[in-house]
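Please keep the structure in view while working through the points below.

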Amino acid sequence: MQFDPTDEQRAIQDTFHRFAATEVRPRARELDEGRAFPRELFRKAGELGLFAMRYPEPEGRGADVVSYVLALEELAWGSLSLAAACTMQSLMGTWFLHRFAAPAERERLLLPALRGDKVGAICMTEPDAGSDLGAIATRAVDKGGRWLLTGAKTWVTSAPVADFFTVFARSGEERKLTIFLVERSFAGLTIGRPIEKMGMWALPTSELSFNDCFVPDSHRLSKVEGDGESHLRKTLAEIRIITGAMALGVSRADTCQHSTPSRTVCSRPVTCTLGAVYLILLYWTVPVCQLAATSAASASRAGRS
Ligand SMILES: Cc1cc2nc3c(=O)[nH]c(=O)nc-3n(C[C@H](O)[C@H](O)[C@H](O)COP(=O)(O)OP(=O)(O)OC[C@H]3O[C@@H](n4cnc5c(N)ncnc54)[C@H](O)[C@@H]3O)c2cc1C
């Protein structure tokens with residue numbers, strides 16, 4: 001079985017490989033050491049169409065999930081920080097606005113975000129709720145025409161620089177998850193301390209909290225109160241494929257792959273010393289993973305994820 005990209009998929013892959021090779025990879029270390037959000041490269045990724053790629057026209061570019069996976073693999077080869085920032089923006093940070101936001105918010109927030117001029121973030125995880133979405137405790141109480149949000153979120157990618165936040169909170173008597181759009185300017189939203197990570201330092205991540213934070217009903221993204229969990233689960237399935245593609249990009253960036261053929265150990269080529277199993281892993285794993293990622297993306301496109 002072999003992956004044969006279409007002409008469009010190949011063109012998108014080439015575009016993002018060139019961008020990564022010329023503008024991202026040479027600056028990857030500097031970006032991480034500087035620990036600042038890579039605003040300029042993020043905008044450039046937007047100009048190249050990454051954030052709008054998987055959305056249908058006219059707002060989006062109407063490309064398929066495989067193209068999107070190939071683009072992010074290339075970006076991760078350049079810089080994982082930038083690729084992860086772009087993934088959150090193009091997938092979770094804008095997805096629920098694209099599906100459900102009112103025309104005014106589409107114009108004001110979604111369209112600039114698809115160009116890379118505004119940053120969106122997603123708030124699911126809480127100090128006591130990670131994989132277990134059932135443990136989410138942030139509350140939204142209907143106050144007649146507006147909602148009162150109370151609670152705390154953590155691990156929010158891009159929170160220190162984000163312009164808007166998609167927030168999952170429990171509402172109604174059944175306390176099901178409802179999706180809200182919270183803008184950075186809203187009173188009662190506090191961006192907390194940044195979280196120190198082991199890597200991806202150019203991608204800021206932090207806690208945030210809602211105290212007496214009123215959200216207008218126009219910013220309730222759930223069309224049906226309490227429908228948030230099913231929408232969230234579908235998006236989480238897709239981000240797992242993208243995470244695999246980014247891991248693949250990073251593995252290709254491993255300098256070991258590039259230096260190994262010319263290295264010698266004890267006067268012998270290192271490839272003779274390493275043994276067959278290691279070499280198989282080194283040279284064959286990447287194509288096999290590539291096939292797995294693109295197959296998963298194709299399956300997701302066909303609705304079989
Ligand atoms: C770099 C980074 C960026 C992130 N960005 C965001 C973001 O933008 N927005 C956001 O909301 N969240 C974000 N997260 C949080 C992420 O979604 C959570 O880390 C994830 O949901 C897992 O939750 P947890 O870390 O609390 O682990 P836990 O849920 O506590 O899991 C701990 C361990 O238990 C295992 N486990 C959990 N449940 C089960 C089970 N039922 N059976 C067997 N094993 C199980 C897990 O596999 C894991 O190994 C981010 C996390 C990281 C690391």
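This is a predicted model: local features need pLDDT of at least 70, side-chain atom pairs count only at pLDDT 80 or more; totals for chains, interfaces and linings use all residues.

Arg175 counts as partly exposed, because 14 other C-beta atoms lie within 10 Å.

- Arg175 lies in the loop that runs between β4 and β5. Its phi is near 55°, which is a positive value in a residue other than glycine.
- Trp155 also has a positive phi, near 60°, and is likewise a residue other than glycine. Trp155 belongs to strand β3. With 16 other C-beta atoms within 10 Å, Trp155 is therefore partly exposed.
- Glu57 and Pro58 are joined by a cis peptide bond, with omega of about 10°. Pro58 is placed in the loop between α3 and α4.

**Overall fold**

- The protein chain contains 11 helices and 9 strands.
- Of the 305 residues in the protein chain, 38% are buried.
- Considering contacts between residues at least 6 apart in sequence, 73% join residues at least 24 apart.
- Ala36 and Pro204 are 168 residues apart along the chain, and their C-alpha atoms are separated by 7.4 Å. Gly244 and Glu73 are 171 residues apart in sequence, with 8.7 Å between their C-alpha atoms.
- Ala36 is located in the loop between α2 (28-34) and α3 (39-47). Ala36 counts as partly exposed because it has 13 C-beta neighbours inside 10 Å.
- Gly244 forms part of helix α8. Because 16 other C-beta atoms lie within 10 Å, Gly244 is partly exposed. Apart from neighbours within four places in sequence, Gly244 is in contact with Ala293 and Ala296.

**The nonpolar core**

- The largest nonpolar core has 78 residues, of which Val69, Leu72, Leu75, Leu82 and Phe180 touch the most other members.
- Helix α4 (residues 65-78) makes the greatest contribution to this core, giving 10 residues.
- Which residues does Leu72 touch, not counting those up to four places away in sequence? They are Ala83, Cys86, Thr87, Ile242, Ala245 and Met246.

**Contacts between helices**

- Helices α4 and α5 pack at an angle of about 145°, and their axes are 6 Å apart. On the α4 side, Leu72, Leu75, Ala76 and Gly78 take part; they meet Leu80, Leu82, Ala83, Cys86 and Thr87 of α5. By class, this contact of α4 with α5 comprises 7 nonpolar, 2 polar and no charged residues.
- Helix α5 (residues 80-90) also packs with helix α6 (residues 92-100), at an angle of about 15° and with the axes 3 Å apart. The helices α5 and α6 are therefore roughly parallel to each other, since angles under 35 degrees count as roughly parallel. Met88, Gln89 and Ser90 of α5 make this contact with Met92, Gly93 and Thr94 of α6. The contact of α5 with α6 has 2 nonpolar, 4 polar and no charged residues.
- Within α6, the buried residues are Met92, Gly93, Thr94, Trp95, Phe96 and Leu97. What do the buried residues of α6 pack against? Their partners are the helices α5, α7 (103-115) and α8 (228-253), together with the strands β1, β4 (164-171) and β5 (176-183).

**Surroundings of the ligand**

- The ligand is surrounded by 13 residues, and the closest are Thr125, Gly130, Ser131, Trp155 and Thr157.
- Strands β1 (120-123) and β3 (146-157) each provide at least two residues of the shell around the ligand.
- How many residues of each class are in the shell around the ligand? The shell has 7 nonpolar, 5 polar and 1 charged residues.

Technical notes:
Residues are numbered from 1 along each chain as its sequence is written. Helices (H or I, at least four residues) and strands (E, at least two) are DSSP runs, numbered from the N terminus. A residue is buried if 20 or more other C-beta atoms lie within 10 Å of its own, exposed if 12 or fewer, and partly exposed in between; C-beta atoms are placed from the backbone. Two residues are in contact if their C-beta atoms, placed from the backbone, lie within 7 Å. A residue is near a molecule or strand if its C-beta atom, placed from the backbone, lies within 6 Å of it. Ala, Val, Leu, Ile, Met, Phe, Trp, Tyr, Cys and Pro count as nonpolar, Asp, Glu, Lys and Arg as charged, and the others, Gly among them, as polar. A nonpolar core is a set of buried Ala, Val, Leu, Ile, Met, Phe, Trp, Tyr and Cys residues joined through C-beta atoms within 7 Å. Axes are lines fitted to C-alpha atoms, for helices over the stretch in contact, and angles run from 0 to 180 degrees between N-to-C directions. Angles under 35 degrees count as roughly parallel, over 145 as roughly antiparallel, 65 to 115 as roughly perpendicular and the rest as oblique.
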